[in-house]
Amino acid sequence: MKINLFIIAILLIMISCNSQGKRPIMGKTVYQQELNASFKDASISPLKKKDLRHFKGLDFFEVDSSYIVEAKLIKTENAPTFEMATTTERKPLYKEYGKLHFTLQGKNHELTIYQSQDDLDDVKYKDYLFLPFTDDTSGEASYGGGRYMDVMTTDITAENKVILNFNNTYNPYCAYNDKYSCPLTPRKNHLDLEIKAGIKVYKK
């Protein structure tokens, strides 16, 4: 009996030491925690090795529910396939999926949302839509090349409504590592206001 208690005590000490040695995942929401966890994982992180060694967590604006809006989607019929410009010579194929109309800070806004044609045959990504945008924080508090938001085709209601949560935005990988090729945000997807929600610019 004493031996069993001794073994249990040793195991508890070992578990305690291991848990103290691991840094907790940063983030105030599940989305932020999951994004930080992926950046912390060396097998999938876009960070350079020298930056990964000192990585503690990404910077975000304060979570603000006023940046969660309902948008009306007007689908683009018979949209042509086009080559989207990137930070490199790579030209991925996209189609304009539609226009998103919404109200934010008392003003009406419009963003164009896209669908990758290269990923249509990939079961993992076939339902993903691509929403890049810039705003008046771009180049200062947020990444100058703009931020991205993922919208799923399965998120769109029968009334063609979709919820946009600007708290759940992310930077393109080239914001962290120049080895990546990232789509450039089209000029028409600039919002003439400050989106003080979501991911901030990466400071090394």
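Among contacts in the protein chain between residues at least 6 apart in sequence, what percentage join residues at least 24 apart? After that, please take me through the largest nonpolar core.

Reply: Happy to! This is a predicted model, in which local features need pLDDT of at least 70 and side-chain atom pairs count only at pLDDT 80 or more, while totals for chains, interfaces and linings use all residues. Residues are numbered from 1 along each chain as its sequence is written, and side-chain values use heavy atoms, leaving out hydrogens and water.

The share you ask about is 62%, where a contact means heavy atoms within 4.5 Å. Three helices and seven strands make up the elements of the chain (DSSP runs numbered from the N terminus: H or I of at least four residues for helices, E of at least two for strands). Of the 204 residues, 37% are buried, meaning under 20% relative accessible area with a 1.4 Å probe, protein chains only.

Now for the core, a set of buried Ala, Val, Leu, Ile, Met, Phe, Trp, Tyr and Cys residues joined through side-chain atoms within 4.5 Å. The largest one has 23 residues, and Phe102, Leu164, Phe166 and Ile195 touch the most other members. Strands β1 (68-75), β3 (93-104), β4, β5 (128-133), β6 (147-152) and β7 (161-165) each give at least two residues to this core, with β3 supplying the largest share, four residues.

Take a moment with Phe166: beyond its neighbours within four places in sequence, its contacts include Tyr67, Val69, Phe102, Phe133, Met149 and Ile195. A second, separate core has 19 residues, among them Tyr114, Tyr148, Tyr176 and Ile199.

Note on methods:
Buried means under 20% relative accessible area, exposed over 50%, partly exposed in between (1.4 Å probe, protein chains only).
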